[in-house]
Amino acid sequence: MSGSRLDRRPRYGSHRYDDDLLLKVPPLLWLATVFLVRHLLLLGITFLPTTGEEIEVLRALVRPEFVFADLPAAVVMLAAIRRRRPCSTPVRRIWRYTREILTLSVGLYAVLVLAASLRSGQPLRDAIDEPILASFLLGLAVLAYLWRSRLVADVVRDCPGRRDG
């Protein structure tokens with residue numbers, strides 16, 4: 001068999017492709033992206049017209065300075081929503097660097113956490129509470145997934161333009 005014929009054979013099961021044979025964004029990548037925009041989501045939820053005790057708990061979790069770390073991931077989320085064959089040039093440019101952009105989001109969060117901890121004047125073990133530590137560790141798990149998953153690597157490469165195959 002020729003190499004070009006092997007290249008055209010689908011690598012994944014048919015459930016991984018949409019009707020246009022574009023690899024679907026896997027649910028775990030959607031979940032990771034939603035996690036990386038959590039501060040924006042929490043901020044949005046706090047503006048809901050509810051004054052219950054639950055909203056007060058959420059308001060306590062919102063740290064406005066961490067919203068900046070969510071912005072790169074929000075750009076990727078918008079590109080994922082707009083991703084369809086043929087991919088527009090802006091979507092293709094963003095989508096090609098999905099893993100790097102999401103890594104930037106995780107890195108910005110780590111830098112912002114460290115900066116907030118240093119500004120507090122407390123020892124690091126006292127300045128970082130459990131939710132922030134859990135978020136940081138989940139961010140590391142997201143990085144491992146982004147960079148170890150062959151499916152994610154293939155999905156970010158699969159955003160053909162008008163002339164691509």
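This briefing walks through helix H7 and the parts of the chain that it meets. Keep in mind that the model is predicted. Helix H7 covers residues 98–120, and two other helices, H5 (residues 67–82) and H2 (residues 27–36), come up below as its partners.

**H7 and H5**

- The axes of H5 and H7 sit 7 Å apart, and the two helices pack at an angle of about 165 degrees.
- Angles over 145 degrees count as roughly antiparallel, so that's the label for H5 and H7.
- As for handedness, H5 passes H7 in a left-handed crossing.
- On the H5 side, the residues that meet H7 are Phe68, Ala69, Asp70, Pro72, Ala73 and Val76.
- On the H7 side, they meet Thr98, Ile101, Leu102, Leu104, Ser105, Leu108, Tyr109 and Leu112.
- Sorted by class, this contact of H5 with H7 has 11 nonpolar, two polar and one charged residues.

**A closer look at Ile101**

- Ile101 belongs to helix H7, and it's one of the residues there that meet H5.
- Its relative accessibility is 19%, and since buried means under 20%, Ile101 counts as buried.
- Setting aside neighbours within four places in sequence, Ile101 is in contact with Pro72, Val76 and Ile94.
- Two of those names, Pro72 and Val76, also turn up in H5's list of residues meeting H7.
- Val75 is 26 residues away from Ile101 along the chain, yet their C-alpha atoms are separated by 8.6 Å.

- Phe66 counts as buried, with a relative accessibility of 2%.
- Tyr109 is buried too, at a relative accessible area of 5%.
- Tyr109 also shows up among the H7 residues that meet H5.

**H7 and H2**

- The axes of H2 and H7 come within 11 Å and cross at roughly 35 degrees.
- Here again the crossing is left-handed, with H2 passing H7.
- Leu29, Thr33 and Leu36 in H2 meet Leu102, Ser105 and Val106 in H7.
- The residues in this contact of H2 with H7 split into four nonpolar, two polar and no charged.
- Leu102 and Ser105 in H7 meet H2, and both are also listed among the residues meeting H5.

Terms used
Residues numbered from 1 in each chain as written. Predicted model: local features only at pLDDT ≥ 70, side-chain atom pairs only at ≥ 80, totals over all residues. Heavy atoms only, no water. Helix = DSSP H or I, 4+ residues; strand = E, 2+ residues; numbered from the N terminus. Buried < 20%, exposed > 50% of the residue type's maximum accessible area, 1.4 Å probe, protein only. Contact = heavy atoms within 4.5 Å. Axes fitted to C-alpha atoms, helices over the stretch in contact; angles between N-to-C directions. Parallel < 35°, antiparallel > 145°, perpendicular 65-115°, else oblique. Left-handed = near helix turned anticlockwise from the far one by under 90°. Nonpolar A, V, L, I, M, F, W, Y, C, P; charged D, E, K, R; others polar.
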